[in-house]
Amino acid sequence: MAEHQAAMLSDVPEGEAREFTVGGREIVLCNVEGEIYALQGMCTHEDLPLDGGEVDGTELVCNWHGASFDVCTGRPIGLPATEPLQTFEARVDGDGRIHVTMPD
C-alpha cells in the first residue's frame with residue numbers, strides 16, 4: 001500500500017464526484033460535508049466513468065444509467081448496478097491536501 005497526494009480539498013466541491021489519476025488508477029473523490037471518500041472511477045454496471053456524477057448526502061449517482069452507490073462503503077444502493085465499487089482510504093491534511101492510499 002502506498003499513500004499518494006491526489007488533489008486539494010478545494011478541487012472537490014460538495015455534490016459532485018471528481019475524477020483523478022492516483023497511483024496509475026482512475027478514481028473519483030466525493031466530498032460529503034468536508035469528509036472525502038475515494039472510490040474506483042468506473043461504474044460497475046457498464047464500466048463508464050463516474051466523473052461528474054451527483055453526490056446527494058452519501059449517495060453517488062452515475063450520470064450514465066442512474067446506478068447509485070453508498071460513497072462510504074461502495075455498496076450499490078440503486079439498480080442497474082449490483083456490484084460494489086472498490087473504496088480507498090482517504091485523508092485531508094492540515095493544508096487541505098487530499099491523500100489516498102492505493103494498493104501497490
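1. Arg97 has a relative accessibility of 30% and counts as partly exposed, a class that lies between buried (under 20% relative accessible area) and exposed (over 50%), as found with a 1.4 Å probe on protein chains only. The side chain of Arg97 forms a salt bridge with Asp93, their closest N and O atoms being 2.9 Å apart, where a salt bridge is a side-chain nitrogen of Lys or Arg within 4 Å of a carboxyl oxygen of Asp or Glu. Asp93, at 15% relative accessibility, counts as buried. Salt bridges that share partners join Asp93, Asp95 and Arg97 into one network.

2. A word on the basis of these values: this is a predicted model, in which local features need pLDDT of at least 70 and side-chain atom pairs count only at pLDDT 80 or more, while totals for chains, interfaces and linings use all residues. Residues are numbered from 1 along each chain as its sequence is written, and side-chain values use heavy atoms, with hydrogens and water left out.

3. By the salt-bridge rule the count comes to four. One of them is formed by Glu3 and Arg91, whose closest N and O atoms are 2.9 Å apart. This pair links distant parts of the chain, since Glu3 belongs to strand E1 (residues 2-8) and Arg91 to strand E9 (residues 87-92), 88 residues apart; strands here are DSSP runs of at least two residues, marked E and numbered from the N terminus. Glu3 is partly exposed, with a relative accessible area of 41%, and Arg91 is also partly exposed, at 37%.

4. Glu16 and Arg18 meet through their side chains in a salt bridge, at 3.0 Å from N to O. Glu16 is partly exposed, with a relative accessible area of 29%, and for Arg18, likewise partly exposed, the value is 29%.

5. Which strands make up the open sheet of four strands? Their order is E5-E6-E7-E8, with antiparallel pairing, and two strands are said to pair if DSSP finds at least two bridges between them. Strand E5 (54-56) and strand E8 (76-78) stand at the edges, each with a single partner strand, so one side of each has no neighbour in the sheet. From one strand to the next the twist averages 30°, an angle that comes from axes fitted as lines to C-alpha atoms and runs from 0 to 180 degrees between N-to-C directions.

6. Strand E7 (residues 68-70) pairs with E8 in the antiparallel sense over two bridges, and Ser68 stands opposite Gly78 in E8. In general, strands of a sheet pair through backbone hydrogen bonds, either parallel or antiparallel.
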